[in-house]
Amino acid sequence: MKKRSYIQYLSVPFAVLATLASCQNKDVKTVVEGNVTDQVYVAPGEYDEFYAFLSGGFSGQITAYGLPSGRLLKEIPVFSVYPENGYGYSEETKAMFNTSYGVIPWDDSHHIELSQTDGEFDGRWLFVNGNNTPRIARIDLTTFETVEILEIPDVAGLHCAPFVTENSEYLVSGTRFSLPIPQKDVPISSYKENFTGLINYVSVDAKTGEMDLAFQISMPGFNYDLARNGKGKSHGWSFLTTYNSEQAHTLLEVNASQKDKDLMAIINWKKAEEYLKQGKFTERTTSYFHNLIDEKTGIAASQEMKTTRIIDPKECPGMVYFIPVPKSPHGCDVDPSGEYIVGNGKLSADMSIYSFDKLMAAIESNDFAGDIDGIPVINYESGLHGILTKPGLGPLHTEFDGKGFAYTTFFISSEVVKWNVEKLEVVDRQSTFYSPGHLVIPGGETKKPFGKYLVAMNKITKDRYLPTGPELAHSAQLFDISGDKMKLLLDFPTKGEPHYAQAIPASKIQPNCKKFYKIEENKHPYVAKGEGQAKVERKGNEVHVYMTAIRSHLAPDNIEGVKVGDKVYFHVTNLEQDWDVPHGFAMQGAATAEILIMPGQTRTLLWEPGSVGIYAYYCTDFCSALHQEMSGYMRVSAQDSNVPLRWSLGENIEDKVEIPES
């Protein structure tokens, strides 16, 4: 077996790059040219042209903005509990946080992917990865609610995820940190002998969007960082950048930067499908959770999955290849034609652009420099379209405008650089404020970008906004890219860390937005579809309140017969059948502050009274002029009391029939 027999590349002292100033002295008063107000102003009553979905990084959430105004439209809770609407607190949504590690109510969301049909955004679903506890979530874009979370087993730091294929056949991901598989107690210093990487293919049901872990590919123990899938002529292939091909396990900032070149993995996933059908995989016992909300009941259920199918490249020729990429790569992006693949090296002075046709020709002619663990390494020069020389310092991410130009962020030199993909010539550069990570052009990673705006998501915000203590608001900056030169239009603050974003014309989502849930289609087991169905039931020490909410009262609004030590479940159904009329519900002293219920929906809050007395509950979402009156009382008696279970609305509760315990 050959190990790293491809040519050794000269090392470049990356410290030279690292010591260059990241925050240049820019004149903030002169960066905007002319009057750009008209280009970003959206008058009251008018709509933005695009939705932009930004991941929240360490917040674990997604935020939706309008472009070009930068208006914050909504925060969509995904991997972290969220008090604004009770996500993760309501009984219906608690199961969304189940994992093989237990309940994990907070994560680190990174890369957003909109679903695609024929290489274009179709506006149906939004996918995002949880980086810390490896998970992929699906958001339904008719409701803007998270409806599914799938854990990915046997990987760590799922940074390289979830990258969608041309028809949303798969979401591709790779482990950032390789691990022993299966986990075992071994010395960390045995990294090279015991650590393995995995690249994961999650299938997406074409009709429902439901996810399933189709197969995993075992790989050498490198760090898999970012990926894109082929499109057009390169459809059926995946491209993933890796770093730490040195397989270091300590002080990676030095020890994982020893070589001048790292690697890009090139995977023929259609070939992998063929091997899967032939049974050339190993079924391995493991544990991971699949959490899915039932569309009819609105209740999440968890299923523990216990097996995965792993394909070994050594036993499946023609499925996986490597090619060298510049030192410590990060971005990995495919142009709209599917011909050019950009593999940036963070510590390289130049950028390497690969040609899909040349890669295929090299594979066809066995033009290899050797192999790594049985995976052929394509000769670097054989796969190159060419090199973009000295475009900037610290290239990270690239997107495309559909007009033959690419736009790349440079973290160290704090700029966005526009360059011609075919000619490999820089044509424009604009400063950012400061240190941009990802950038997004609406549709900029699809076959048909909308090359009108570019948003840079910056890591440092000094001098851009009013100070807010030690931590400043993170920043997104909007550029006009419709002309020959980029033009800065707008700064707008973001929530969490604006890690990555995707943007889509509003016309692809707006017409399909659900305005309310039809009450007749509500299959929740505790639904009350009218005030006549409102009731209270006791089952042992459980009390179930079938409650309704409609402007401007809750039914029932007087309840007696609850005892200390009971578990009281408030199942609140919002009877409204009108757009934008949610009701909230809060119970005095409840460990969960509140829940928010959309029109036609049922949500459940659990309350465990600890002492006798009279407790108030009320609607928390200002819903009408009589919102303040939308409230009620519950009487709590001692455990051995004989106060009967009764409830009422608009009547004297003393006149109500006593309900015997069941």
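Biologist: Which residue in β43 is the bridge partner of Ala586?
Modeller: In this predicted model, strand β40, residues 583-587, and strand β43, residues 613-618, pair in the antiparallel sense over two bridges. Within β43, the residue that bridges to Ala586 is Tyr618.

Biologist: In what order do the six strands of the open sheet with mixed pairing lie?
Modeller: The strands β40 and β43 pair with each other, and both belong to an open sheet of six strands whose pairing is mixed. Neighbouring strands of this sheet are turned against each other by 25° on average, direction ignored. The order of the strands is β41-β40-β43-β44-β38-β45.

Biologist: Why is one side of β41 and of β45 left without a neighbour in the sheet?
Modeller: Strands β41, residues 595-597, and β45, residues 646-648, stand at the edges of the sheet. One side of each is left without a neighbour there because each has a single partner strand.

Biologist: Which strands are the edge strands of the four-stranded open sheet?
Modeller: This open sheet has the order β26-β27-β28-β29, with antiparallel pairing, and its twist averages 25° from one strand to the next. The strands that pair on one side only are β26, at 395-400, and β29, at 425-431.

Biologist: Which residue in β28 is the bridge partner of Thr408?
Modeller: Strand β27 covers residues 405-410 and strand β28 covers residues 415-420, and the two run antiparallel, joined by six bridges. For Thr408, the bridge partner in β28 is Val417.

Conventions
Residues are numbered from 1 along each chain as its sequence is written. This is a predicted model: local features need pLDDT of at least 70, side-chain atom pairs count only at pLDDT 80 or more; totals for chains, interfaces and linings use all residues. Side-chain values use heavy atoms; hydrogens and water are left out. Two strands pair if DSSP finds at least two bridges between them. Axes are lines fitted to C-alpha atoms, for helices over the stretch in contact, and angles run from 0 to 180 degrees between N-to-C directions.
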